[in-house]
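Please keep the sequence and the structure in view while you work through each solution.

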Amino acid sequence: IRDLAIRRELMHIGAGVQSRASKPDRESDGTQQIEVAERELFALAERGATGRGFTSFGEALTESLQMAEAAFMRDGKIAGIPTRLDDLDHKLGGLHKSDLIILAGRPSMGKTSLVTNIAYNVAADYRGEKQEDGSTKTTAGGKVAFFSLEMSSEQLATRILAERTGITAHEIRQGDLDKYDFEKLQDATEELQNLPLYIDDQGGISISQLAARARRLHRSVGIDLVIIDYIQLLSGTSGKADVNRVQEVTQITTTLKALAKELQVPVIGLSQLSRAVEQRDDKRPQLSDLRESGSIEQDADVVMFVYRESYYLERTEPQSDGQDPAASEKWAKWRQRMDEVYGTAEVILGKQRHGPIGKVVLAFDANITRFGNLERQPSGTDFDE
C-alpha cells in the first residue's frame, strides 16, 4: 500500500511538472520550475509523502525526552551540535536542529571569521556510525554546507589554513614562507583533506536556488549544518520589479527557517547591520540595527551580534602631550582600556527563543582571524555576569 501511495504521488508530481512546463508563466521560468520539482521529489524521497501531517503530543514528548537524554549523556551537557567555543555553547546549548540562527555585525567585526571557525570545529569533530540500513548516523560534530556568496572557496580554505598553522593569510597568499612554514602548510593540508566541509561559492544566487542546492547536497551526503555568508547577497524569487527589498528579505528569512525545519538542521545566516550603530557612543549592536527587515528578528530563533571594542578604540587614540597633564591622563586611560579589550571579542545574544540572552567574551587573534576560548580568571569569574 505504501509503495502504491508513493507511485501515486510520483504521478501527481510528474503531472504537475508537465502542466507547469506546458503553460509558460512569466513569473516562473524553467530554472524555477526545476527547483519546485526538486523540492517536491526531495520531500517524497525523505518522507514517502509530500507532508509530515500531524504529530501526536505523545510523540512530541518522546522526542523532547530523547533530546534531554542525549544532552544528559553528552560531555558538557550540550543538547545541540557543539561549536567548541565553550562559553557560547554554555549559553546556546549548542546548535539545535531546525533553528535559524542570525549572526550579525558591522564590517570588520569578524562575522565570517567566527562562522568559519564554527564550521571548521563542527566538521573536524564529525564522527559517523553505520546503521543496519546502510546509512550513516552522525554521532559527533557534523557535515557542513557553507554557502559563501562573498568570498571564494580558496579564500575560505586559506583562512582555515591560517587558523590551523598560525601563519597569517597574508603570508600564505604572498608566499612569504620559509621551509618550515611550507612544511607546516603541507601537513595541515593533508590533515584537512577529508574534512566534511562543502563550500558553494557561486555568487548572485536566489534563495530558491540556495534551498535546492542544500536539498541536493543533503540528499547525496547528508548535512548537519548550513551556513550562509551572507543573506543580503541573496535575491528573492518573485521576479517582480515592484517587489521592494524589505519584502524580498522577508521571503529569504522565511525560506531559510522553512529549510531548517525541512532538513532538520541548524541554519546560520550572516547579516549586515545598518550604519545607525556608528552614530551612537556605545556601538554595541541592538536588534533594531538589523538591516532592511524586521522579519530577520521575527523569523530567527537566535540573533547574535559580534562586537570588538578594540576595533573602534584603536581608531580613536587621543594625542599624548607630555607638556599637558590632562592630555597625558586621557591617553593613559585610553591605553589602559585598550589593554583590557585587546585580543577579545563579544558575542551578544540579542534574542534566543529557548534560552537566556546576554553576552559571552571570546579570545580573538586578528592576525590569523581565529576565535577561541578565553582563559578563565583564577577566581572563576563568569564573563556573562
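**Exercise 1.** In which helix do Lys333 and Glu329 both lie, and how many residues apart are they?

Solution. Before starting, note that this is a predicted model, in which local features need pLDDT of at least 70 and side-chain atom pairs count only at pLDDT 80 or more, while totals for chains, interfaces and linings use all residues. Residues are numbered from 1 along each chain as its sequence is written, and side-chain values use heavy atoms, with hydrogens and water left out.

Step 1: Both residues belong to helix H13 (residues 325-341), where they are 4 residues apart, about one turn of the helix; helices (H or I, at least four residues) and strands (E, at least two) are DSSP runs, numbered from the N terminus.

Step 2: Lys333 and Glu329 form a salt bridge, with the closest N and O atoms 3.8 Å apart, and this term stands for a side-chain nitrogen of Lys or Arg within 4 Å of a carboxyl oxygen of Asp or Glu.

Step 3: Lys333 has a relative accessible area of 54% and is exposed, whereas Glu329, at 46%, is partly exposed; buried means under 20% relative accessible area, exposed over 50%, and partly exposed in between (1.4 Å probe, protein chains only).

**Exercise 2.** Find which parts of the chain are linked by the salt bridge of Arg215 and Glu262.

Solution. Step 1: The side chains of Arg215 and Glu262 meet at 2.7 Å, N to O. Step 2: Arg215 is in helix H9 (residues 207-220) and Glu262 in helix H10 (residues 245-263), so the pair, 47 residues apart, links distant parts of the chain. Step 3: Arg215 counts as buried at 6% relative accessibility, while Glu262 is partly exposed at 23%.

**Exercise 3.** Work out where Arg284 and Glu346 lie, and name the network to which they belong.

Solution. Step 1: A salt bridge joins Arg284 to Glu346, with 2.8 Å between the closest N and O atoms. Step 2: Because Arg284 lies in the loop between strand E7 (267-272) and helix H11 (295-299), and Glu346 in strand E9 (residues 344-352), the pair ties together parts that are 62 residues apart in sequence. Step 3: Arg284 is partly exposed, at 24%, but Glu346 counts as buried, at 10%. Step 4: Arg284 and Glu346 are linked with Glu309, Arg337, Glu340 and Lys359 in a network of salt bridges, and the structure holds 14 salt bridges.

**Exercise 4.** Describe how the rings of Tyr307, Tyr311 and Tyr312 are linked.

Solution. Step 1: The count comes to 4 aromatic pairs, where rings of Phe, Tyr and Trp (its six-membered ring) pair if their centres lie within 6.5 Å, and planes under 30 degrees apart count as stacked, over 60 as edge-to-face and the rest as tilted. Step 2: Tyr307 and Tyr312 have ring centres 6.1 Å apart and planes at 25 degrees, so the pair is stacked. Step 3: Tyr311 and Tyr312 form an edge-to-face pair, at 5.2 Å centre to centre and 85 degrees between the planes. Step 4: Ring pairs therefore link Tyr307, Tyr311 and Tyr312 into a cluster, in which Tyr307 is buried at 5%, Tyr312 at 12% and Tyr311 at 17%.
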